[in-house]
Amino acid sequence: MSVQEKGGAARKAAGAKSARGYFLDPARRPAAAFLAGLCCLLAAAHLAGLAKLAPAYLAAWICLLALPAGALPVVIMIERADAWRPQPETALLETLRGLLALMPVAALLSLPIPFAAALLYSPPPDGPFGLARLPAVFLAARLGLYFVLWTGLALLFARRGGEPWGKAGRMDDGRAVLGLGLHTVIGTLAAFDLVMSVKGVPGLRFHASAFGLLTMAAWSSLALAAAILVAPPDVGPARRRHDRLTPLAVMLLVWAGLHAVQFLMLGVAADPGAAAWYRPRAGASGRALLLAGAALIGLAALLTLRPGENRTRLVAALAVGVHLAELFWFVTPAFRGSFRLTVVDGLALAGIAGLAAGLAPLVRRLFPGLAVTPAWPGRERRSRAAEPVRVPGA
């Protein structure tokens with residue numbers, strides 16, 4: 001045994017004697033995260049009750065769903081762009097592939113939603129996609145269909161670039177078009193079912209055909225911003241593609257444009273249902289969120305003139321915060337009469353994050369095709385070079 005291995009074994013034995021060392025052991029981190037997340041959800045249920053926890057859980061779960069569902073179209077578009085002009089694999093694309101592994105995790109954590117359907121969706125429904133008319137069994141069946149299709153797409157696009165992506169062909173083009181089209185249909189139906197059909201004033205529920213596109217734009221922007229925060233800088237041949245701020249700024253502009261178009265169209269049409277939907281979301285907190293989004297877009301557009309790693313990560317961190325608040329803005333005002341973030345929301349978000357971190361290793365074993373460990377370009381050789389050289393007989 002080498003000196004490094006002996007030192008590591010000694011530190012592990014010493015750390016295992018304390019609770020902190022026990023739970024910080026990499027082999028036990030998933031169990032510790034799952035336990036912490038479960039404790040957060042139990043604390044939220046104790047503080048506010050199940051009736052108030054249900055909408056917070058739904059909004060926090062949609063935040064988790066946004067990571068794999070938003071990363072999917074971005075991965076498809078990047079791969080199709082690279083297929084026509086082969087490019088080296090980037091750390092950002094590898095990180096986006098890793099986010100696809102959260103799709104089965106989101107499916108598992110959606111199981112409580114059908115059981116809380118009576119708290120989240122109330123009859124009579126308004127619109128063809130309202131889930132309030134369906135019992136919990138049919139709601140679970142519909143969510144199961146969505147996640148079967150989404151997981152199939154994630155398995156299809158989780159593999160790394162190269163063949164067949166290195167060559168542009170009719171089959172690859174058809175696969176990309178089919179993937180984007182199917183994801184658009186699933187995302188639109190899921191947005192109507194899960195968000196637009198939440199409990200509200202019967203007859204005044206808000207339904208707009210553009211809401212599915214708006215929701216998917218928010219998901220993709222959130223997933224791209226989260227990947228930028230996680231992915232390290234590119235090295236080697238991929239270094240020339242280090243500008244990540246411009247794609248994020250474009251996604252933010254598309255997201256803001258869809259918000260503006262939807263609001264203006266509904267304002268011109270004077271839809272009473274839309275007015276009822278916007279009224280509890282237009283308070284002081286809603287206006288503050290609007291100003292924060294506008295400031296974020298202006299900052300992102302301004303910094304594209306001189307992009308840099310620290311500036312990009314700053315914009316990405318702000319974008320993650322704005323989008324997380326926006327997803328709660330979609331759901332919780334229907335139950336509270338106004339938009340405000342509470343301790344229950346924070347506990348629900350922390351609980352979902354802990355449960356997802358605990359379930360992710362199990363899901364990777366069940367779905368080997370999604371067990372994508374980001375092989376960030378240029379770092380495999382560096383990690384091998386840093387390994388100690390073993391001398392035979394030592």
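**Aromatic pairs, helices and a pocket in the predicted model**

Six aromatic pairs are found in a search of the whole structure. Rings of Phe, Tyr and Trp (its six-membered ring) count as a pair if their centres lie within 6.5 Å; planes under 30 degrees apart are stacked, over 60 edge-to-face, and the rest tilted. The rings of Trp61 and Phe147 are edge-to-face, because their planes stand at 65° with the centres 6.0 Å apart. Trp61 belongs to helix H4 (residues 50-84) and Phe147 to helix H9 (residues 136-157), so this pair ties together parts 86 residues apart in sequence. Helices are DSSP runs of H or I with at least four residues, numbered from the N terminus. Both Trp61 and Phe147 are buried. Buried means under 20% relative accessible area, exposed over 50%, and partly exposed in between, with a 1.4 Å probe and protein chains only. One aromatic cluster is formed by Trp61, Phe147, Trp150 and Trp219.

The model is predicted: local features need pLDDT of at least 70, side-chain atom pairs count only at pLDDT 80 or more, and totals for chains, interfaces and linings use all residues. Residues are numbered from 1 along each chain as its sequence is written, and side-chain values use heavy atoms, with hydrogens and water left out.

Helix H11 (residues 211-230) has 20 residues, so at 1.5 Å a residue it should span 28 Å; its end C-alpha atoms are 29 Å apart, which agrees. The expected span is 1.5 Å times one less than the number of residues. Of the 20 residues of H11, 17 are buried, so this helix is largely enclosed by the rest of the structure. Helix H5 (residues 91-99) is mostly covered, with nine of its nine residues buried. Among them are Glu94 and Arg97.

Helix H17 (residues 343-366) has 24 residues. From first to last C-alpha, H17 reaches 34 Å, close to the 34 Å expected. H17 is kinked by about 35° at Ala360, shortly before the proline Pro361. The bend at a residue is the angle between axes fitted to the seven residues ending there and the seven starting there.

Two loop residues were also examined. Ala158 lies in the loop between H9 and helix H10 (170-196). Its relative accessible area is 0%, so Ala158 is buried. Ala158 and Ile76 are 82 residues apart in sequence, with 9.7 Å from C-alpha to C-alpha. Asp243 sits in the loop between H11 and H12. Asp243 counts as partly exposed, because its relative accessibility is 33%. From Asp243 to Gly308 the C-alpha distance is 7.5 Å, across 65 residues of sequence.

The second largest pocket holds about 520 Å³ of space. It is lined by 18 residues, of which His259, Tyr278, Gly286, Leu290 and Trp329 are the closest to its centre. A pocket is an open set of points on a 1 Å grid over the protein atoms alone, where a 1.4 Å probe fits, with protein on both sides within 12 Å along at least five of seven lines; lining residues have an atom within 4 Å of a point. Grid points are joined across faces, edges and corners, and the volume is the space filled by probe spheres set on them. Helices H12 (245-269), H14 (284-303) and H15 (309-331) each supply at least two lining residues. H14 gives the largest share, seven residues. The lining divides into twelve nonpolar, three polar and three charged residues. Here Ala, Val, Leu, Ile, Met, Phe, Trp, Tyr, Cys and Pro are nonpolar, Asp, Glu, Lys and Arg charged, and the others, Gly among them, polar.
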